[in-house]
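Dear colleague,

I am handing over the structure shown below, together with a short account of what was found in it. Please read the account with the structure open beside you.

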Amino acid sequence: MTADNEHSAFDELVLYFAGELAAGDETRVEEHLMGCASCTAASTEIVGLIEGLRSVVPITITSRDVARLQAAGTRLVENEFAPGERKEAFWTMDTDLLVHRLKVDLRDVDVVSLEAKDEAGKSFFRFADVLADKRDGAVLIACQQHLVAICPEPDTVFVLRDGTERVLGEYTVLHRFR
Amino acid sequence: MKDSVVLTEDSLEPSLSDGDLARRVGTGALDERQAEAILCRRLAPRIRLYALRHLRDSAAATDLVQDVLIVLIEALRARRVENLDRIDSFVLGTCRNLVSKQHRTAWRGATAKNKLEALGESYVEEPRAVDRTKLTVCMGNLPSREQRVLLLSFRDEESAEQIARELGTTPGNIRVIRHRALASLQRCLRGGEQ
């Protein structure tokens, strides 16, 4: 921990904003922050991250997240895809989120990677270790309109692989509007 | 020497302390309003951080910033602040009083914004939000365990103890994972590698 006149370390600031500092340390950090421009700047960046995390919907989510989003009023439409399936998924004016439930056998699978590419094989992104719903046997893709910046084609192929690069399933989602 | 410098929009003086700026308020000096504006712009982010920690709500934080700055400006103009070199203590004390009042009653300073604007300046700038798409991608680059810890910690506001029970580890380990993941996100958002 830092002395009164020393700047607060990153870890201490995170503990402060998470509400996990002892009362005396919290008071010390607050008194320091109120008078220190550089720690204010560092804290502003941390808090900006935390604020972002409060509202971000990750690219892969769990069934618990789906329930929470629905309870909060998010208008979502779920589509289920079997391995190898190619079918349409529809956006409407009343849809906030599409959830693509990619069914996959996750027995004996510890790590699942996700790749998104177009049907010609051009890769948009690849994540090495995504959230997977083992109980449900599915990876849930939260498809959000702002992600068109990284996934520009309406027809998207999602590829799931295990930690040895073995393909667990390929799913082609044809995004359409109606 | 510092007192003889007249502040203008083009000569914002970073070496002037908060106390130096506070001393110009309530004196009728030519640059009194400039000093107020600079002081408020410096203090607004610090008040906001305190508010976000204790109120956990962005709109409430904005209200608290307005309310505290109103109290400060009125006190400075009326020359009621005793120790101008400890203006940070005055502001922190005001933050604590107003947050405590908010907890005790349903009072919110809804009229503070109008009052602040009536003082002649718009002092409070909303901070820029993190780029949502970039954050989503940077999150995706994290190992799934780190993603879960961050979301459970900050979105779901679960304690390290609760998360540790869910994930079958210790609270200390959860804090290590959380801090490492936040640092990785920060580097990614700044444009560096994770």
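Predicted model: local features only at pLDDT ≥ 70, side-chain atom pairs only at ≥ 80, totals over all residues.

The sheets of chain A

Strands of a sheet pair through backbone hydrogen bonds, and the pairing is either parallel or antiparallel. In chain A, one open sheet has four strands, in the order β1-β7-β4-β2, and its pairing is mixed. At its edges stand β1 (60-61) and β2 (76-81) of chain A, each of which pairs on one side only. Strand β2(A) runs parallel to β4 (residues 97-103) of chain A, and six bridges join the two. Within that region, Glu80(A) has Arg101(A) in β4(A) as its bridge partner.

A further open sheet of chain A has five strands, ordered β3-β9-β8-β5-β6, again with mixed pairing. Its edge strands, β3 (86-91) and β6 of chain A, have a single partner strand each, so one side of each is left without a neighbour in the sheet. From one strand to the next, the twist averages 25 degrees. Inside this sheet, β5 (residues 112-117) and β8 (residues 155-162) of chain A pair in the antiparallel sense over six bridges. Leu114(A) has Leu160(A) in β8(A) as its bridge partner.

The size of an interface is often given as the accessible area lost when the parts come together. For chain A and chain B, the buried area is about 4300 Å², and carbon and sulfur atoms give 62% of this. Of the area that chain A buries against chain B, 18% is supplied by Met34(A), Leu49(A) and Leu53(A), more than any other three residues. The contact draws on 48 residues from chain A and 49 residues from chain B.

Between the two chains, 17 residue pairs are in polar contact. On the side of chain A that touches chain B, at least two residues come from each of α1 (10-17), α2 (23-33), α3 (37-55), α4 (63-71) and β6 (123-127) of chain A. The most is given by α3(A), with 14 residues. Sorted by class, this side of chain A has 25 nonpolar, ten polar and 13 charged residues.

Salt bridges

Side chains of opposite charge can pair when their charged atoms come close. Between chain A and chain B there are eleven salt bridges. In one of them, the side chains of Glu20(A) and Arg178(B) meet at 2.9 Å, N to O. Over all chains, a search of the whole structure finds 39 salt bridges. The pair of Glu20(A) and Arg178(B) crosses between chains, from the loop between α1 and α2 of chain A to helix α9 (residues 171-190) of chain B.

With kind regards

Technical notes
Residues numbered from 1 in each chain as written. Chains lettered and ligands numbered in written order. Heavy atoms only, no water. Pairing = 2+ DSSP bridges. Contact = heavy atoms within 4.5 Å. Buried area = accessible area lost by both parts, 1.4 Å probe. Salt bridge = Lys/Arg side-chain N within 4 Å of Asp/Glu carboxyl O. Polar contact = N/O pair within 3.5 Å; in protein donor to acceptor, adjacent residues only side chain to side chain. Nonpolar A, V, L, I, M, F, W, Y, C, P; charged D, E, K, R; others polar. Axes fitted to C-alpha atoms, helices over the stretch in contact; angles between N-to-C directions.
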